[in-house]
Every structure is written in structure tokens, then in C-alpha cells.
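Here are some exercises to work through with the model open beside you. Try each task yourself before you read its solution.

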Amino acid sequence: MPIRHLTADAVRTAEHAAGDLLANGTLMRRASGGVAATVIEELRRTGGCYGRHVGLVVGAGDNGGDALYAAAALARRGVRCVAVLLAPQRAHPAGLTAFRASGGRVVAELPAGLDVVLDGVVGIGGRGPLRPAAAAVFAALVPADQGGPIVVAVDVPSGVDADTGQVHDPAVRADITVTFGVRRLAHLLAGPQCGRVRLVDIGIDTSGADEVDTLWELTDAEVGRMWPVPGPSDDKYSQGVVGVIAGSARYPGAAILASGAAVTATSGMTRFVGSAAADVVSHHPEVVAVARYADAGRVQAWAVGPGMGTDDDALALLGEILATDLPVLVDADGLTLLAAHPELVADRAAPTLLTPHAGEFARLTGADVGSDRLGAVRGLARDWRVTVLLKGRITLVADPTGTVLGNDAGSSWAATAGAGDVLTGIAGGLLAAGLSPQLAGAAAARVHARAAARAARGAPIGAADLLAEVRDAVRDVRAGLGQWSR
Ligand SMILES: NC(=O)C1=CN([C@@H]2O[C@H](COP(=O)(O)OP(=O)(O)OC[C@H]3O[C@@H](n4cnc5c(N)ncnc54)[C@H](OP(=O)(O)O)[C@@H]3O)[C@@H](O)[C@H]2O)[C@@H](O)CC1
Ligand SMILES: [K+]
């Protein structure tokens with residue numbers, strides 16, 4: 001089952017459905033116990049608990065209550081805790097009593113030399129950026145990688161919107177985020193701000209949440225299982241033939257990268273159509289490349305657009321491709337054409353995958369993506385009745401029904417010219433092998449990101465380096481699977 005992320009509303013619904021467990025404070029006890037366990041683990045890893053120092057930044061709601069109870073539990077292990085109360089009159093009363101009873105002290109500002117700082121400013125009830133008092137406390141901290149305390153966010157880093165993942169300025173940047181019952185949307189949408197996310201089971205049931213409140217993330221094992229590999233009786237046709245239309249004789253790079261990626265990601269057959277046919281074959285001799293669409297031969301899916309140009313010939317070719325009943329991926333120049341001619345996909349019944357970056361997205365919709373990327377990608381997929389893959393550090397793939405798969409690349413090494421062409425080739429190959437546009441897009445994004453990280457190993461890369469690592473990235477996600485598994 002993919003990893004589920006939910007809106008704050010859906011989390012609250014699940015908490016309320018827990019009835020007595022919520023009313024009698026059991027959920028909060030479990031949550032704060034999970035925070036304490038995470039801090040203990042961290043302190044043990046760096047020398048033990050006894051005599052170590054933890055600072056709390058405590059807001060007006062239950063998020064601060066979690067931090068205060070967690071500190072009381074830490075005190076029982078010999079950890080010394082101090083707390084800055086941002087709203088002293090409104091700090092969680094029972095939590096504050098427990099904190100004081102355990103020997104915790106309330107202070108005006110955090111002292112130097114802390115090992116861990118707990119961010120209990122706001123959780124899913126927070127709105128907007130850190131307010132000035134909280135902002136001043138966090139601004140004064142030395143970052144963990146410069147010898148300062150490890151910042152552990154309770155539930156979400158304060159100043160990060162739990163639903164949109166918008167990182168307000170200022171916001172807490174956490175090294176670790178501890179959350180409860182189910183991940184929040186922000187844990188994927190604002191992954192880099194959350195650090196390592198630790199999920200604590202508090203005994204709530206979130207399985208009934210609506211799709212509109214949900215963001216999914218495939219596991220590596222799921223991507224590995226769905227990756228098409230030849231079965232015992234497959235031949236080159238039965239595995240799916242992908243057709244690539246990209247680049248030009250003048251600019252052959254996109255053609256070479258996209259068709260090379262299609263060859264590398266799947267094993268059936270790759271066809272190519274375009275004026276860069278000779279360049280493609282000289283780099284990838286296994287591609288069956290022709291100059292004219294009429295000579296292309298049969299394919300099971302098309303991947304169209306990178307570097308194909310935006311002139312009348314390109315428009316006519318795109319129109320022909322989209323008039324077929326085959327799955328089609330449209331990227332780059334193809335998207336620029338589509339922005340001016342949305343009618344080309346209006347009546348499509350066959351699977352259609354658009355793969356815009358933020359600029360192309362704005363061209364398609366007439367509006368910037370904005371701070372709610374999830375809402376934006378869902379809206380385009382619904383309005384155009386196509387699957388949309390919105391590129392970025394966090395890739396989002398929405399289908400027309402509102403289901404969204406997200407992928408955190410884990411780094412931004414893939415932000416390099418030509419990397420999008422490689423993604424087009426990988427996803428096109430997966431479409432031809434029969435994956436749905438959404439799974440093809442999400443699985444391609446996962447392998448693409450892994451390939452970028454493998455290629456980089458700490459130094460900048462070009463798209464050809466990324467392409468060279470795609471095969472090993474596929475091996476990574478398939479590691480441990482049976483020989484013929486699909
Ligand atoms: N329910 C449960 O069983 C469980 C709940 N759990 C925990 O409860 C958390 C939710 O608690 P919550 O609902 O009390 O809201 P919470 O996030 O603490 O903040 C609300 C307060 O913050 C304020 N405020 C708003 N924005 C602000 C800002 N930018 N900067 C500063 N302040 C700001 C706003 O007050 P205002 O000043 O606006 O009047 C309001 O009073 C959840 O994330 C989890 O940690 C767990 O224990 C599991 C069990
Ligand atoms: K927090």
C-alpha cells in the first residue's frame with residue numbers, strides 16, 4: 001500500500017472518531033511518548049540521556065502540550081529541560097503542570113549549549129509564518145551542522161502549512177519531525193523543511209479518509225514490482241513499443257536523450273520519428289528511427305514534445321498523434337502547442353499524460369502554480385480530464401479523478417538541462433508497457449530521481465550522466481524481487 005498523507009481536517013476527523021481516547025488524553029499521551037522516544041533515541045546516539053539539555057518552544061495549543069508532556073518524560077531519564085512559553089497564560093495547563101512537576105524550568109530565552117530543541121509552537125492548528133517571538137528564538141539557534149542543537153518539530157515544523165506545504169517566512173527548519181497516526185500532506189509537499197519524518201502510532205483509524213484529503217507516495221518496492229521486465233515468453237513487441245517524437249536535426253540533444261531513456265528504461269522496442277533520426281541511431285543503434293510519421297510503424301504509446309519546435313509542422317504532427325487512440329505523453333514544446341490548442345486533448349478517451357514544469361503549467365492554465373501545488377495540479381487534471389505530472393523537487397502526478405501520487409526527489413541534482421527529456425523517455429516507455437499514465441509518471445519520477453542522486457554523488461551532473469544511471473536506478477528499486485516478477 002502506498003504511503004498515505006492526509007489533510008489536517010482528515011486527521012482531526014480520525015482523532016474525533018477515536019472518542020474516549022481523545023477525550024481522556026490517551027492520544028496526547030501516546031503522541032508525547034513518541035516525541036520523547038525520538039529525542040531519547042537521538043540523545044543515545046550522541047552519548048546518552050543523563051545530564052543532557054533540551055529546550056522547548058511552546059505555543060498556545062495542544063502542539064505545545066505534546067512538547068511539555070514529552071519533556072516531563074525526558075526528565076525521568078535525567079534530561080534537563082527548559083521551556084520558553086510564547087503565550088504563558090494559554091500554555092496547555094495539564095502539560096505545564098506535568099512539566100513543572102518533573103523539574104522543568106520556564107525561561108525567558110533559550111540558553112546556549114542545548115542538545116535538542118523541541119518545536120511545539122504550532123501543529124495542524126497553525127496558520128501563517130512564525131510570529132515574531134517564536135521567530136526570534138529560532139533565529140538565535142546555531143544550526144545543527146555547525147554544532148548547534150538538533151531541532152525536533154512536533155507534528156509539523158511551525159510556519160509550514162500542514163495542508164499545502166507552503167513554507168512561510170519565517171518557518172522552522174527541522175532536522176527531525178515526529179508526527180502522529182498518519183503523515184500530513186506537508187510531510188511530502190515540504191519534505192526538505194521537515195527533515196527525517198518519524199511516524200508514531202497513536203491508535204487512530206485513518207483508512208476512511210476521502211481521496212480529496214489524501215496524497216499518496218509509492219514505496220520503492222511498489223515501483224520495483226510494477227517495473228516492466230520481460231517475462232519468460234515475451235518478445236520485443238509484446239513488451240510494448242514506444243514511439244518518441246523529440247528534437248530536431250538542428251537540436252538533436254532532446255531526441256537523443258529521450259529515446260535513449262526509453263531504450264534504457266524498458267526492453268521492448270523504441271521507435272523514433274523526426275529530423276534527428278540519424279543522430280539518434282548513431283547514439284542508440286537499437287532505435288528504429290525514421291524522418292516521417294507516415295513511416296513510423298506501430299507503437300503502443302507515444303512520447304511527444306521535447307525540442308520538437310512549435311511551428312505549424314509540429315502542431316500538425318502533435319494533432320495527428322493526439323487523434324490516435326493510443327496513450328500519449330506530451331512534454332515541453334508539445335505543451336506550449338497544447339496551451340494554444342487545448343481542443344487537441346478535449347475529446348481524447350485514451351490515456352493522456354502532460355508533464356509540465358511550473359512555467360509550462362502557467363502557460364496551460366493561464367495562472368501561476370501558486371503556493372498550493374497540490375490543488376493546482378488536481379485542478380488542471382480535473383478540468384482537462386488528463387493526467388498531469390507537475391515537475392519539481394516534489395513531483396505530483398494527478399489523475400482526472402483527483403487521486404494524486406507524489407515523489408520527493410530527495411535532492412535537486414536533476415534540475416539540469418535535458419533532465420526533463422530523460423523523464424519523458426522513461427515515462428513513455430512505461431506507458432507503452434501498459435502502465436496507467438499516473439503510475440508511469442510516478443514510477444518514472446522515482447527512478448529518475450534515484451538516477452540523478454546516483455550520478456551526482458555530491459557533484460553537479462548533466463542529463464547524459466543521469467541517463468547513464470537509469471539502469472542501476474531500476475536495479476535499485478527492483479532489488480530483492482523475484483527474477484520474473486512484474
Ligand atoms: N487532538 C488530539 O487528540 C491530538 C492532538 N495532537 C497535537 O495537537 C496539535 C493540534 O493542536 P491545536 O488544535 O490545539 O492547534 P495547534 O497546532 O497547537 O495551534 C493552535 C494555536 O496556535 C496559535 N497559532 C496559530 N498560528 C500561529 C502562528 N503562526 N504562530 C503562533 N501561534 C499560532 C493559535 O492561537 P491564536 O494565537 O491564533 O489564537 C492556536 O491557539 C497537533 O498538531 C498535535 O501536535 C496530538 O497530541 C495528538 C492528539
Ligand atoms: K510544531
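**Exercise 1.** How are α10 and α19 oriented to each other: roughly parallel, roughly antiparallel, roughly perpendicular or oblique?

*Solution.* Before you start, note that this is a predicted model, where local features need pLDDT of at least 70, side-chain atom pairs count only at pLDDT 80 or more, and totals for chains, interfaces and linings use all residues. Residues are numbered from 1 along each chain as its sequence is written, while chains are lettered from A and ligands numbered from 1 in the order in which they are written.

Step 1: find helix α10 at residues 253-265 and helix α19 at residues 463-478. (Helices are DSSP runs of H or I with at least four residues, strands are runs of E with at least two, and both are numbered from the N terminus.)

Step 2: take the angle, which is about 10°, with the axes 9 Å apart. (Axes are lines fitted to C-alpha atoms, for helices over the stretch in contact, and angles run from 0 to 180 degrees between N-to-C directions.)

Step 3: compare with the cut-offs: under 35 degrees is roughly parallel, over 145 roughly antiparallel, 65 to 115 roughly perpendicular, and the rest oblique. So α10 and α19 are roughly parallel to each other.

Step 4: look at who touches whom. From α10 come Leu257, Gly260, Ala261, Thr264 and Ala265, and from α19 come Ala463, Leu467, Val470, Arg471 and Val474. (Contact means that the C-beta atoms, placed from the backbone, lie within 7 Å.) The tally for this contact is 7 nonpolar, 2 polar and 1 charged. (Ala, Val, Leu, Ile, Met, Phe, Trp, Tyr, Cys and Pro count as nonpolar, Asp, Glu, Lys and Arg as charged, and the others, Gly among them, as polar.)

**Exercise 2.** Describe where domain 1 and domain 2 touch.

*Solution.* Step 1: get the bounds. Domain 1 covers 3-215 and domain 2 covers 220-478; such bounds come from an automatic or database domain assignment.

Step 1: their C-alpha centres are 40 Å apart.

Step 2: count the contacts: 10 residues of domain 1 meet 11 residues of domain 2. On the domain 1 side, α7 (185-189) and α8 (191-194) are the elements giving two or more residues, and α7 gives the most, with 3 residues. That side divides into 6 nonpolar, 3 polar and 1 charged.

**Exercise 3.** Look at the backbone at Pro170 and at Ala332.

*Solution.* Step 1: recall that most residues other than glycine have a negative phi, and most peptide bonds are trans.

Step 1: Asp169 and Pro170 are joined by a cis peptide bond, with omega about 0°. Pro170 is in the loop between β6 (150-154) and β7 (176-180).

Step 2: Ala332 has a positive phi of about 50°, although it isn't a glycine. You'll find Ala332 in the loop between β15 (328-330) and α13 (333-340).

Key. Two residues are in contact if their C-beta atoms, placed from the backbone, lie within 7 Å.
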